[in-house]
Amino acid sequence: MRKITIDPMTRIEGHLKIEVVLDEKDIIVDARSSGVLYRGIELILKGRDPRDAARLTQRVCGVCPVPHGTASAFSLDAAFGISDKIPDNGRILRNLILGSEYVHNHILHFYHLSSLDYVDMAKASEYKENDFDRLKQFIQRGYLAPFVPRYEGDYRLRDEDNKALALHYLHALEMRRKAHEMLSLFGGRTPIQAGIVAGGVTCEPTTDKIVSFLWRVNELRDFIVNAYLPDVERIARAYSDCFEIGVGCKRLLSFGFFDLDGSEPDYQKRKRLMKQGSTDNSLVYKQLDVSRISESVRHSWYTDDGMPNVEKEGAYSFIKSPRYDGSAHEVGPLARILISYAYGDENVKEELDGVLQRLSVGIEAMFSLMGRHIARAVEAKLIADALAEWVLKLKPGEPAYIPYEMPSEAEGVGLVDAPRGCLGHWIGIQNGLIANYSIISPTTWNASPKDDSENHGPIEQALIGTKVRDPENPFEVVRVVRSFDPCLACAVHMFGSHGRKLGEAKLIA
Amino acid sequence: MERTVEIPVVWLQGATCTGCSISVLNSVRPSIANVLLDELAPGKHINLRFHMTLMAGSGEPIIELLSETREAFPKSYLLVMEGAIPTADRGLYCMVGERGGKPIPLMEHAYELARDAMAVVALGTCASFGGIPAGRPNPTGAMSIPEFMRMRNVETPAIRVPGCPPNPDWFIGTCAYIMLHGLPKPQELDELGRMKLFYGKLIHDNCPRRGYFDTGRMAHRFGQDGCLYELGCKGYLTFSDCPLRKWNGGINWCIDNGHPCIGCCEPGFPDLMSPLYERFFEERLPHLTIDEVSGKLRFTNPAQ
């Protein structure tokens with residue numbers, strides 16, 4: 001038996017520690033995922049003006065602030081009784097702002113957070129093409145940070161593929177930035193946009209911005225089709241073993257997102273581009289019912305009433321353990337794509353089947369480390385395509401915001417899917433102020449520790465059973481963990497007290 | 001040709017949302033690829049030795065990199081601190097890496113790295129003033145890096161680059177200034193240690209909606225023309241060049257998007273700026289003062 005501790009786990013958002021125990025054949029027999037930063041945002045929100053939550057909760061995560069702003073605005077819309085009254089311009093602008101965030105996030109994750117586990121940047125010094133001059137100059141100066149230190153050994157791409165990915169790493173830095181510039185057209189600025197508020201969006205669409213958005217999204221679509229998707233396939237071919245590891249819990253959950261219609265007040269039933277629901281490896285679609293969510297703190301540094309306690313026996317994380325129907329569920333692009341696939345969404349089927357066919361693997365191969373990368377890339381394309389359609393449906397001159405009366409007592413829930421998965425905000429208002437605020441966020445699901453029944457969280461399950469070929473350079477571990485795109489600033493949040501069912505909170509006002 | 005001078009940079013993340021890092025990635029000219037690979041100023045290259053969101057390596061080897069940097073480049077590396085420092089409960093609310101099997105509190109890294117650095121750049125409002133983690137009731141005893149350094153008697157110079165998040169130009173401009181001219185002279189900094197170059201002007205004085213304010217035309221709901229004062233705008237309390245520089249390559253900024261300024265560059269963010277969508281009561285203005293120790297805006301007479 002031997003233990004590997006990876007602390008800090010880098011190229012993710014935030015502070016994550018991963019520990020794995022290997023048996024004598026170097027197969028992982030136990031795994032621990034620990035969130036090691038606690039800020040207590042929910043405590044800080046208490047007693048403030050409810051509307052402030054749509055701004056302050058964006059600071060839960062600076063990599064994906066828009067979903068928090070959106071979920072928060074949804075919970076306020078619900079609490080104020082206007083969730084079904086947001087003008088169409090407001091609904092579409094919210095989709096465009098959050099959709100731009102998705103495009104930024106997926107490009108960032110694949111190229112800048114993940115690809116260095118597969119691409120050998122140092123090899124650029126051997127390449128003769130002019131395109132590599134700048135990288136060569138950098139390497140010749142002899143200071144290779146931040147690309148070194150790194151794990152050594154398992155870089156398997158053929159030269160032509162390694163070249164493409166090394167150049168696209170740099171190109172993607174620009175494309176990611178451009179996705180953010182597109183976001184700020186209607187979001188004001190980014191990261192941490194200033195557009196989405198309770199009642200809609202603060203700006204009104206104008207024709208110049210609509211055209212500018214369209215040209216920007218078309219440039220990004222071009223990059224996704226001609227670089228991102230082919231690059232994922234390049235890695236999938238060279239690292240075909242990545243279809244066999246990182247399988248995970250095979251239970252998937254999505255709150256869905258991109259409202260196609262705003263007239264249904266219940267977010268669980270609203271018509272969305274990516275479907276809300278659950279499925280597993282049978283790929284039978286099931287409707288979403290958030291009253292089935294429960295939460296455990298048995299192995300988390302909290303008392304049963306939710307206050308932090310760093311001395312707690314048996315605890316190893318600031319993350320709690322949310323469960324759906326009592327079991328661990330994976331959330332994120334893989335969940336969304338396969339849930340929409342199981343639902344029978346034609347666009348999803350066509351895109352995904354196309355990629356799987358080119359790679360000569362079946363749908364079951366999606367339950368893997370590589371499946372997550374494929375799902376993310378396919379989703380980036382589907383969302384960027386939809387953005388180009390939606391922006392033309394904006395109506396200049398019509399409002400994007402509806403005024404409201406703020407009640408002194410109310411409750412509201414906002415459900416969306418963030419790039420990394422299911423995100424819910426629950427707000428309770430008393431005397432016109434926030435009495436309680438709860439957030440359940442994507443990485444809380446994925447990076448959760450063991451629950452009351454000692455069942456591991458999804459990342460832990462995905463690690464257990466994996467063979468580590470070189471324990472000095474545990475590529476398999478970091479590849480599996482990063483395929484989930486963990487976001488730890490999001491993950492560490494308080495939901496409710498021990499074992500509380502979400503069904504107790506009102507879903508719509 | 002003369003050899004390029006490498007400026008070692010350690011970028012430490014504490015109680016942060018990583019928004020400051022993402023904002024810096026959005027730099028247009030120079031681009032982030034320029035910053036990482038090329039000479040930021042002629043003959044000078046940033047050697048970004050530690051940045052948890054970008055660096056290839058993980059785990060123990062990169063924790064060793066921190067002490068290696070302190071030993072190899074004493075008083076000649078730059079510490080970029082992103083996020084606040086949680087100090088309650090022995091600093092256990094933020095841990096980075098292990099030493100001898102025991103987790104290391106972030107505050108111990110911050111102390112050692114700040115002590116041995118040439119200068120500290122407090123990036124963002126959390127690192128500059130405490131920000132949201134230090135918002136009432138401050139559950140983790142979060143404090144800004146200058147406040148933490150004063151508590152631990154670290155005398156390294158610190159420059160504040162606040163903003164939630166800061167504009168990438170403010171950070172890269174500050175770094176470029178240090179590379180070209182050395183540390184900013186006192187007359188180039190305001191009383192809070194921010195570069196006047198970026199934080200020297202009140203948003204209100206350069207606001208495109210200023211004309212509305214002067215003629216008393218107020219917006220009373222989002223989407224309306226008019227000054228956003230009644231909707232809670234804090235532009236008349238907030239120092240930054242947002243109205244002139246704008247955001248994301250000059251495309252837009254909060255007030256142009258019809259959203260009031262929430263004062264995210266100021267020591268009073270978020271507590272003093274809340275409620276964000278209510279107008280600030282002018283009668284409190286004479287009671288505002290700057291706390292010498294914490295750098296925070298405080299009421300002198302909160303009872304009134």
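What share of the contacts in chain A with a separation of 6 or more is accounted for by residues 24 or more positions apart? In this predicted model, such residues account for 76% of those contacts. Chain A is built from 14 helices and 14 strands, and 62% of its 509 residues count as buried. The C-alpha trace of the chain spans about 65 × 60 × 45 Å along its principal axes. A compact globule of 509 residues would have a radius of gyration near 23 Å, and the 22 Å of chain A therefore agrees with that expectation.

Just after α9(A), Ser360(A) adopts a positive phi of about 55°. The loop between α9 and α10 of chain A also holds Ala365(A). Is Ala365(A) buried, exposed or partly exposed? Ala365(A) has 19 other C-beta atoms within 10 Å, and because a residue needs 20 or more to be buried and 12 or fewer to be exposed, Ala365(A) is classed as partly exposed. When residues up to four places away in sequence are not counted, Ala365(A) touches Phe243(A) and Gly371(A). Gly248(A) is 117 residues from Ala365(A) in sequence, and their C-alpha atoms are 12 Å apart in space.

Several other loops contain backbone features of note. Most residues other than glycine have a negative phi, and most peptide bonds are trans. In chain A, the peptide bond from Ala145(A) to Pro146(A) is cis, with omega near 5°. Pro146(A) lies in the loop between α5 (133–140) and α6 (159–187) of chain A. A cis peptide bond also joins Thr190(A) to Pro191(A), with omega near 0°, and Pro191(A) is placed in the loop between α6 and β4 (196–197) of chain A.

Asp485(A) has a phi near 55° and sits in the loop between α13 (475–483) and α14 (488–491) of chain A. With 28 other C-beta atoms within 10 Å, Asp485(A) is buried. In chain B, Asn138(B) has a phi near 45°, a positive value in a residue other than glycine. The loop between α5 and β8 (142–143) of chain B contains Asn138(B), which counts as buried with 21 C-beta neighbours inside 10 Å.

Chain B itself is divided into domain 1 (5–197) and domain 2 (201–304). The centres of domain 1 of chain B and domain 2 of chain B, taken over C-alpha atoms, are separated by 27 Å. Contact between them involves 19 residues of domain 1 of chain B and 16 residues of domain 2 of chain B. On the side of domain 1 of chain B that touches domain 2 of chain B, the elements giving two or more residues are α5 (124–129) and α6 (145–151) of chain B. The most comes from α6(B), with three residues. By class, this side of domain 1 of chain B has seven nonpolar, seven polar and five charged residues.

The final step is the contact between the chains. How many residues does the contact take from chain B and from chain A? Chain B contributes 69 residues and chain A contributes 68 residues. On the side of chain B that touches chain A, at least two residues are supplied by each of α1 (19–25), α2 (32–37), β2 (44–51), α3 (60–72) and β5 (95–99) of chain B. The residues on this side of chain B divide into 37 nonpolar, 24 polar and eight charged.

Note on methods:
Residues numbered from 1 in each chain as written. Chains lettered and ligands numbered in written order. Predicted model: local features only at pLDDT ≥ 70, side-chain atom pairs only at ≥ 80, totals over all residues. Helix = DSSP H or I, 4+ residues; strand = E, 2+ residues; numbered from the N terminus. Contact = placed C-beta atoms within 7 Å. Domains from an automatic or database assignment. Nonpolar A, V, L, I, M, F, W, Y, C, P; charged D, E, K, R; others polar. Rg over C-alpha atoms; globule rule 2.2 N^0.38 Å.
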